[in-house]
Amino acid sequence: RVLRDTTWYKLVPGARFREGDIVAAWSGQIQVELVAGGIFNVSAPVTLFAAAIPVTADKLTGPVEMALPEGWLKLAASAPATGFRVLLDGSFVTAAEAVVVMHAKPDAMELFVESGTARLTDAGTSKTKPAAATDMKAGDYVAQSSDRPLRYEPRPPAAFVTSVPRYM
């Protein structure tokens with residue numbers, strides 16, 4: 001279902017994804033295809049907030065911004081001029097031409113760059129301290145939880161690979 005303004009609607013094939021929408025699903029998978037470039041899939045249980053979808057005349061005019069507090073998200077970014085920005089457990093993931101798989105749950109996140117490049121930036125930095133950013137390339141994996149600091153690996157661990165939903 002999708003929360004638009006103050007009303008929950010059943011999410012049906014062909015429905016438009018709009019800025020401000022909150023998509024929530026308890027089972028299954030949802031694929032969103034943006035007219036202006038890019039595709040993403042989410043797998044339940046999931047909550048996804050569309051913070052910004054800046055489209056003018058069917059063209060993206062800035063990055064698509066989303067927040068993933070819970071669930072799986074596979075993002076195929078194909079908009080080199082604008083890209084995507086996803087808030088994922090206190091960090092921003094940005095990508096322009098990449099395929100990225102993300103998993104979020106309360107107080108934990110995982111991120112795998114399947115192809116292309118992405119950047120992970122700490123969202124919690126203050127205005128006086130520059131944000132810590134890390135460039136990631138195809139094959140890179142990063143995870144963080146409330147009880148473990150950010151850890152980078154050159155490839156995803158078997159536990160992550162086996163937990164990715166099959167249709168992603």
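Me: How many salt bridges does a search of the whole structure find?

Reply: The search finds six salt bridges. The model is predicted: local features need pLDDT of at least 70, side-chain atom pairs count only at pLDDT 80 or more, and totals for chains, interfaces and linings use all residues. Residues are numbered from 1 along each chain as its sequence is written, and side-chain values use heavy atoms, with hydrogens and water left out.

Me: Why is the pair Arg85 and Glu65 called a salt bridge?

Reply: The term requires a side-chain nitrogen of Lys or Arg within 4 Å of a carboxyl oxygen of Asp or Glu. The side chains of Arg85 and Glu65 meet at 3.8 Å, N to O, so the pair qualifies. Arg85 lies in strand β9 and Glu65 in strand β8, so this bridge ties together parts that are 20 residues apart in sequence. Strands are DSSP runs of E with at least two residues, helices are runs of H or I with at least four, and both are numbered from the N terminus.

Me: What makes Arg85 and Glu65 partly exposed?

Reply: Buried means under 20% relative accessible area and exposed over 50%, with partly exposed in between (1.4 Å probe, protein chains only). Arg85 has a value of 27% and Glu65 a value of 26%, so both fall in the middle class.

Me: What else does the charged end of Arg85 sit over?

Reply: It sits over the ring of Phe92, 3.7 Å from its centre. Such a case needs NZ of Lys or CZ of Arg within 6 Å of the ring centre and within 35 degrees of the ring normal. Arg1 likewise lies over the face of Trp8, at 3.9 Å from the ring centre.

Me: Why do Lys74 and Glu114 count as a salt bridge, and which parts do they tie together?

Reply: Their N to O distance is 3.3 Å, so the pair meets the distance limit. Lys74 is in strand β8 and Glu114 in strand β12, so the bridge ties together parts that are 40 residues apart in sequence. Lys74 is buried at 16%, whereas Glu114 is partly exposed at 38%.

Me: Why is the pair Phe17 and Phe40 called edge-to-face?

Reply: Rings of Phe, Tyr and Trp (its six-membered ring) pair if their centres lie within 6.5 Å; planes under 30 degrees apart count as stacked, over 60 as edge-to-face and the rest as tilted. For Phe17 and Phe40 the centres are 5.5 Å apart and the planes 65° apart, so the pair is edge-to-face. Phe17 lies in the loop between β2 and β3 and Phe40 in strand β5, so the pair ties together parts that are 23 residues apart in sequence. The structure holds four aromatic pairs, and ring pairs link Trp72, Phe112, Tyr141 and Phe160 into a cluster.

Me: What makes a group of residues a nonpolar core here, and which members of the largest core touch the most others?

Reply: A core is a set of buried Ala, Val, Leu, Ile, Met, Phe, Trp, Tyr and Cys residues joined through side-chain atoms within 4.5 Å. The largest one has 37 residues, and Phe17, Phe40, Met66, Leu68 and Met102 touch the most other members. Elements that give two or more residues to this core include β5 (39–52), β8 (64–78) and β12 (108–122). Apart from it lies another core, of seven residues, among them Val101, Phe112, Tyr141 and Ala143.

Me: How do you know that Asp21 is buried, and what does its side chain make a polar contact with?

Reply: Asp21 has 1% relative accessibility and so counts as buried. Its side chain makes a polar contact with the side chain of Arg4 at 2.6 Å. That term means N or O atoms within 3.5 Å; within protein, one must be able to donate a hydrogen and the other to accept it, and residues adjacent in sequence count only if both atoms are side-chain atoms. Asp21 lies in the loop between β2 (7–9) and β3.
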